[in-house]
Amino acid sequence: LASILLLSALNVARAEVAPEELVRKTTDQILTEIKAHRDLYAKDYAKLYKMADEKVLLHFDFRRMAQWVLGRSWKDATPVQRDRFTAEFRDQLVGTYSQALLNYNDQQIVYLPVPHKPGDTEVTVKTEVKQSGGQPNIPIHYSFYKNKTGAWKVYDISIEGVSLVTNYRSVYATKIKEKG
């Protein structure tokens, strides 16, 4: 009973963290980690992937993302194929995200206001990465939804107006059309 109450309390605590606060805290943690251990992570990608997985990617709903990426093909896939695709897609994103972290160079992250009401179940958190030398800021938007347990989960990221899910959807649609 005590463990059930503890799990419930953790879920409630997690649900109470607003998406914008989740992005801010997670970003601060990950950037601190990168600054402190950049050389180690550049030499040992396994440690970099593990850190990204533990600190950031637990906030992502990879199954939902994978389903959207596959679109209609999701319905045609067997449960084993769905699980396998979700795992492979997750691994691909971990690698891509982790490599991008190594390119971080002390740019300032700007957190834009997040207009939402208390009952909203979907929210977009908008950030910008300030560039040096007069380069335009890089907008990064995180699309969240509130899952059945009340936790906020990322289901898409848009970088410079390009949706990650939409981008991968077109890539995989071509592969599925060619190879099935």
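This is a predicted model: local features need pLDDT of at least 70, side-chain atom pairs count only at pLDDT 80 or more; totals for chains, interfaces and linings use all residues.
Strand S2, which covers residues 122-129, pairs with strand S3, residues 138-146, in the antiparallel sense, and eight bridges connect the two. Within this pairing, Lys-126 stands opposite His-141 of S3. Strand S3 is also joined to strand S4, residues 152-159, by seven bridges, and these two strands likewise run antiparallel; here Tyr-142 has Ile-157 of S4 as its bridge partner. S3 and S4 form a hairpin in which five residues lie between the strands, and in the turn Gly-150 has a positive phi of about 95°.

Two packed helices are described by the angle between their axes and by the distance between the axes. For helix H3, residues 45-55, and helix H6, residues 79-102, the axes come within 9 Å and cross at roughly 105°. Because angles of 65 to 115 degrees count as roughly perpendicular, H3 and H6 are described as roughly perpendicular to each other. The residues that make the contact include Leu-48, Met-51 and Ala-52 of H3 together with Val-94, Tyr-97 and Leu-101 of H6, and the residues of this contact divide into nine nonpolar, three polar and two charged.

Eight aromatic pairs are counted in the model. In one of these, the ring centres of Phe-85 and Phe-89 are 5.8 Å apart and the ring planes lie at 10°, so the pair is stacked. Phe-85 and Phe-89 are four residues apart in helix H6 and are therefore separated by about one helical turn, and both residues are buried.

Methods
Residues are numbered from 1 along each chain as its sequence is written. Side-chain values use heavy atoms; hydrogens and water are left out. Two strands pair if DSSP finds at least two bridges between them. Axes are lines fitted to C-alpha atoms, for helices over the stretch in contact, and angles run from 0 to 180 degrees between N-to-C directions. Angles under 35 degrees count as roughly parallel, over 145 as roughly antiparallel, 65 to 115 as roughly perpendicular and the rest as oblique. Contact means heavy atoms within 4.5 Å. Ala, Val, Leu, Ile, Met, Phe, Trp, Tyr, Cys and Pro count as nonpolar, Asp, Glu, Lys and Arg as charged, and the others, Gly among them, as polar. Rings of Phe, Tyr and Trp (its six-membered ring) pair if their centres lie within 6.5 Å; planes under 30 degrees apart count as stacked, over 60 as edge-to-face and the rest as tilted. Buried means under 20% relative accessible area, exposed over 50%, partly exposed in between (1.4 Å probe, protein chains only).
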